[in-house]
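Q: I have just opened this model and would like a guided tour. Could we begin with the strands?

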Amino acid sequence: MLLHPLPWPTGKRLAASITFDVDADSLIRNARPDDGHLRLHPVTMGRYGPTVAVPRILDTWQRFGIRQTFFMPAWVMETYPATVEAILKGGHEIGHHSWRHEDPLGHSDDREAELFGRAMDTHVRMTGTKPRGYRAPVYNATPAIIGRLIDEGFLYDSSLMADEIPYLMRHPKGEIIELPPHWGADDWPPFAHFEEIGYLMPVRAPSDGIRAFQEEYAAMHAAGGFFMPVLHPFLTGRLARWAAMEAWLAPLVEAGDTWFAPLEEIAAHAARHRDLLRVDTIAEGDPA
Ligand SMILES: [Zn+2]
């Protein structure tokens with residue numbers, strides 16, 4: 001059972017958004033600012049995401065007739081403008097995912113705010129609108145960032161984990177909807193192998209790796225919850241993994257009782273049911 005269930009639109013048992021973080025080669029360039037551009041293995045492993053995997057994923061969404069959410073560092077948007085164009089053409093949402101995947105805690109608040117603003121400018125210039133949602137690199141949202149999202153009029157954050165369905169975050173600056181991710185539905189643990197950033201895990205077979213998502217979905221379907229895997233095109237968008245994902249998702253889309261929607265629509269729905277949401281309070285943090 002869920003402690004704070006939400007009513008979903010008529011005929012829908014649960015809400016789902018298969019989200020992708022299009023990090024591309026921002027990961028290695030940010031992790032190794034001095035020589036990342038010379039490390040062609042991780043550069044090309046990342047570049048595969050926006051150039052090969054995203055078109056494959058977009059093709060699936062088009063055949064399914066659904067719109068979903070992509071989070072992009074603004075540096076990736078500027079480096080791969082055709083990918084941005086293709087995502088927008090499909091009617092999908094693009095959320096704010098930092099400037100170049102910098103860890104928010106790796107900079108002073110001022111520098112972080114400057115890079116955040118630079119990314120906002122890119123979004124407005126390339127998509128024609130301010131982003132409605134934000135996901136922090138490695139989920140590392142700080143109290144200052146939550147405050148900034150509220151100041152900037154963001155509808156939702158998708159980085160924090162105080163519940164498993166949409167909830168309300170209360171911060172000294174106001175309130176914002178949280179659409180919570182979780183490591184159990186993230187594709188780094190089963191599929192990533194990235195020596196340069198210290199991430200060495202045994203890579204699982206596609207059917208093994210996506211079993212975690214299937215079990216998460218089954219529990220959310222039974223309880224009437226919210227299913228939001230956090231995927232990366234360079235990982236789950238690879239041929240065999242994506243074929244397995246597509247074969248699994250097709251009958252779920254067909255069944256019709258899952259509300260597949262971009263996060264901004266799910267967050268807007270949650271905001272309309274604000275009184276039912278669980279409230280989590282974020283303190284501003286200890287003063288320096
Ligand atoms: Zn990311």
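A: Strand E1 (residues 14-16) pairs with E11 in the parallel sense over two bridges. Strands are DSSP runs of E with at least two residues, helices are runs of H or I with at least four, and both are numbered from the N terminus. Two strands pair if DSSP finds at least two bridges between them. This is a predicted model, in which local features need pLDDT of at least 70, side-chain atom pairs count only at pLDDT 80 or more, and totals for chains, interfaces and linings use all residues. Residues are numbered from 1 along each chain as its sequence is written.

Q: Which residue in E11 is the bridge partner of Ala16?
A: The partner of Ala16 there is Phe227.

Q: What is the strand order in that open sheet?
A: The order is E11-E1-E13, three strands with parallel pairing. Strands E11 (226-227) and E13 (258-260) are the edges, each pairing on one side only.

Q: Which residues have the most contacts inside the largest nonpolar core?
A: They are Leu14, Ala15 and Val22, in a core of 69 residues. A nonpolar core is a set of buried Ala, Val, Leu, Ile, Met, Phe, Trp, Tyr and Cys residues joined through C-beta atoms within 7 Å. A residue is buried if 20 or more other C-beta atoms lie within 10 Å of its own, exposed if 12 or fewer, and partly exposed in between, with C-beta atoms placed from the backbone.

Q: What does Leu14 touch?
A: Leaving out residues up to four places away in sequence, its contacts include Trp8, Met220, Phe226, Phe227 and Trp259. Contact requires that the two C-beta atoms, placed from the backbone, lie within 7 Å.

Q: Changing topic: which strands pair with E3?
A: Strand E2 (residues 19-21) pairs with E3 in the parallel sense over two bridges, and strand E4 (residues 93-96) runs parallel to E3, joined by four bridges. Phe70 of E3 stands opposite Phe20 and also opposite Ile94 in E4.

Q: Are the side chains of E3 (residues 69-72) buried or exposed?
A: All are buried, with Thr69 and Phe71 pointing one way and Phe70 and Met72 the other way.

Q: Where does H2 bend?
A: Helix H2 bends by about 40 degrees at Ala53, and Pro55 follows within four residues. The bend is the angle between axes fitted to the seven residues ending there and the seven starting there.

Q: How far apart are the end C-alpha atoms of H2?
A: They are 35 Å apart, which agrees with the 36 Å that the 25 residues of H2 (residues 40-64) should span at 1.5 Å a residue. The expected span is 1.5 Å times one less than the number of residues.

Q: Which residues does Glu196 touch?
A: Glu196 touches Ile28, Ala31, Arg32, Arg39 and Pro42, not counting residues up to four places away in sequence. Glu196 and Pro42 are 154 residues apart along the chain, yet their C-alpha atoms are separated by 7.9 Å. Pro42 is one of the buried residues of H2, whereas Glu196 is partly exposed, because 14 other C-beta atoms lie within 10 Å.

Q: What is the phi of Ala24?
A: Ala24 has a positive phi of about 50 degrees, although it is not a glycine. Most residues other than glycine have a negative phi. Ala24 lies in the loop between E2 and helix H1 (26-31) and counts as buried, with 30 C-beta neighbours inside 10 Å.
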